[in-house]
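Student: Could we go through this structure together, one question at a time?
Tutor: Gladly; have the sequence and the coordinates open as we talk.

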Amino acid sequence: MVDPVRSRERMVREQIEARGVSDRAVLDALRSLPRHLFVEEALASKAYSDGPLPIGEGQTISQPYIVALMSELLRVEPGMKVLEIGTGSGYQAAVLAHMGCDVYTVERIKKLFFAARKRFMDMRMFSVKLKLDDGTMGWPDEGPFDRIIVTAGGHSVPEPLVDQLADPGRLLIPVGEGRRHQSLVLVEKKDGEVIRTDKGGVAFVDLVGKHGW
Ligand code: SAH
């Protein structure tokens, strides 16, 4: 297998920095985290390539650039309480935890939930809290959250998530009809106001749940 440290260096330089992501904490997380341990062994050699990869159950680990872009757009600070919907492999959650966030992540598919939980145990990342549930309902007992990141695309922004967003707070979610027509939407809550901004086209797997689909 190719040297993972050199592969990561190259990934950050050619895929992330080259496309304009400059947040030091984001770059540091992507440089440090062993992305090859978040995919099946057979795909480990492709872990640092410029695209998403299958993680089973018809789901994917996002492209490194998209993870970096969303992590930067979220504008997190150490100590912030962050909710992620769509744990998948656990990679995005690990990036946010590496950036010093207190991460809560929800996954609806049992097999992926248990695989991610084992991964965090094996890596001794004990701070990430995981829940097996429909994340479109949020995590009501733990809200409000300073930041919310949804890593699956829905038709609309689930209302419970906006309710569980702190003021001030930022929420990122891909919204649209199917993978080809999604845009990344930033929802900002400030002084009781909720403002939506379109941050460009993305392609995520479906958000399947009670709200927002
Ligand atoms: N953030 C992940 C990528 C996840 S792919 C990573 O870094 O690997 C999207 C994930 O969202 C899938 O695992 C899918 O099962 C999950 N998902 C879709 N709808 C969901 C919902 N309503 N609640 C929780 N998870 C959901």
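Tutor: Before we start on the sheet, note that two strands count as paired if DSSP finds at least two bridges between them. Note also that this is a predicted model.

Student: In what order do the 7 strands of the open sheet stand?
Tutor: The sheet is open and its pairing is mixed. From one strand to the next, the twist averages 15°. Read across the sheet, the order of its strands is 5-4-3-6-7-8-9.

Student: Why is one side of strand 5 and of strand 9 left without a neighbour in the sheet?
Tutor: Strand 5 covers residues 129-132 and strand 9 covers residues 193-202, and both stand at the edges of the sheet. One side of each is left without a neighbour in the sheet because each has a single partner strand.

Student: Which residue of strand 6 stands opposite Leu 83?
Tutor: Strand 3, made of residues 81-85, pairs with strand 6, made of residues 145-150, in the parallel sense and over 4 bridges. Within strand 6, the residue that stands opposite Leu 83 is Ile 148.

Student: At about what angle does helix 5 run to strand 5?
Tutor: Helix 3, residues 64-73, lies across strands 6, 7, 8 and 9, and runs at about 150° to strand 7. Helix 5, residues 110-122, lies across strand 4 and strand 5. The angle of helix 5 to strand 5 is about 165°.

Student: What share of the area that the ligand exposes when taken alone does the protein bury?
Tutor: There are 27 residues around the ligand, and those that come nearest are Ser 89, Glu 107, Asp 134, Gly 135 and Val 208. A polar side-chain atom of Ser 89 lies 2.6 Å from an oxygen atom of the ligand, and an N or O atom in the side chain of Glu 107 is likewise 2.6 Å from a ligand oxygen, while a polar backbone atom of Gly 86 is 3.0 Å from a ligand nitrogen. Taken alone, the ligand exposes 580 Å², and the share of this area that the protein buries is 100%.

Student: How many residues apart in the chain are Glu 17 and Arg 31?
Tutor: A search of the whole structure finds 11 salt bridges, and one of them joins the side chains of Glu 17 and Arg 31 at 3.8 Å, N to O, which falls within the 4 Å limit for such a pair. Glu 17 sits in the loop between helix 1 (4-16) and helix 2 (24-32), whereas Arg 31 belongs to helix 2 itself. The pair thus links distant parts of the chain, and the separation is 14 residues.

Student: Which residue in the hairpin of strand 1 and strand 2 takes a positive phi?
Tutor: Strand 1, residues 53-56, and strand 2, residues 59-61, run antiparallel and are joined by 3 bridges, with Gly 56 opposite Gln 59. The hairpin has 2 residues between the strands. A phi near 60° is found there in a residue other than glycine, and that residue is Glu 57.

Student: In which strand does Pro 168 lie?
Tutor: The peptide bond from Gly 143 to Pro 144 is cis, with omega near 0°, and Pro 144 is found in the loop between strand 5 and strand 6. Asp 167 and Pro 168 are also joined by a cis peptide bond, with omega about 0°. Pro 168, however, lies in strand 7.

Notes:
Residues numbered from 1 in each chain as written. Predicted model: local features only at pLDDT ≥ 70, side-chain atom pairs only at ≥ 80, totals over all residues. Heavy atoms only, no water. Axes fitted to C-alpha atoms, helices over the stretch in contact; angles between N-to-C directions. Contact = heavy atoms within 4.5 Å. Near = heavy atom within 4 Å. Polar contact = N/O pair within 3.5 Å; in protein donor to acceptor, adjacent residues only side chain to side chain. Areas by Shrake-Rupley, 256 points an atom, 1.4 Å probe, with all protein chains shown as cover.
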